[in-house]
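Dear colleague,

Here is the structure I said I would pass on. My notes on it follow below.

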Amino acid sequence: MPQPGLGDIEHLIDQVCSVGHVVTLEQNGDLDHLSARYELTLYRLVQEALTNVVKHAGDAVNVYVSIVGDS
């Protein structure tokens, strides 16, 4: 099974939204050249942050995720 990457972050966001939070994702810049390892690292960082939101932030918070690549 392939490792998750940037394309899988929207699935994480959908999961967090399904429990009542509002998550906005912004991706800017050139992200097409990222290695699979780098994409996996970004995925895991966003996953951990969203997990912490669900566990600790309380009900119905707004979350903003921004991933910025080279301009």
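The buried residues of α1 (9–17) pack against β1 (22–28), α2 (36–56) and β2 (62–68). Buried means under 20% relative accessible area, exposed over 50%, and partly exposed in between, with a 1.4 Å probe and protein chains only. Contact here means heavy atoms within 4.5 Å. Helices (H or I, at least four residues) and strands (E, at least two) are DSSP runs, numbered from the N terminus.

This is a predicted model, in which local features need pLDDT of at least 70 and side-chain atom pairs count only at pLDDT 80 or more, while totals for chains, interfaces and linings use all residues. Residues are numbered from 1 along each chain as its sequence is written, and side-chain values use heavy atoms, with hydrogens and water left out.

The buried residues in α1 are Ile-9, Leu-12, Ile-13 and Val-16. They lie on the same side of α1, because they cover an arc of only 100 degrees around the axis (the arc of the directions from the helix axis to the C-beta atoms). Glu-10 and Asp-14, on the other side of α1, are exposed.

Next, the two helices. From α1, Ile-9, Leu-12, Ile-13 and Val-16 meet Tyr-43, Val-46, Gln-47, Leu-50 and Val-54 of α2. By class, this contact has 8 nonpolar, 1 polar and no charged residues. Ala, Val, Leu, Ile, Met, Phe, Trp, Tyr, Cys and Pro count as nonpolar, Asp, Glu, Lys and Arg as charged, and the others, Gly among them, as polar.

The largest nonpolar core has 16 residues, of which Leu-6, Ile-9, Val-23, Val-46, Leu-50, Val-65 and Ile-67 touch the most other members. Such a core is a set of buried Ala, Val, Leu, Ile, Met, Phe, Trp, Tyr and Cys residues joined through side-chain atoms within 4.5 Å. At least two residues of this core come from each of α1, α2 and β2, and α2 gives the most, with 5 residues. Leu-50 touches Leu-12, Ile-13, Val-16, Val-23, Val-63 and Val-65, leaving aside residues up to four places away in sequence.

Ala-60, in the loop between α2 and β2, has a positive phi of about 45 degrees although it is not a glycine. Ala-60 is exposed, with a relative accessible area of 57%. Beyond residues up to four places away in sequence, Ala-60 touches Gly-20 and His-21. His-21 is 39 residues from Ala-60 in sequence, and their C-alpha atoms are 4.4 Å apart.

Overall, the protein has 2 helices and 2 strands, in the pattern α-β-α-β along the sequence. Of its 71 residues, 28% count as buried.

Regards
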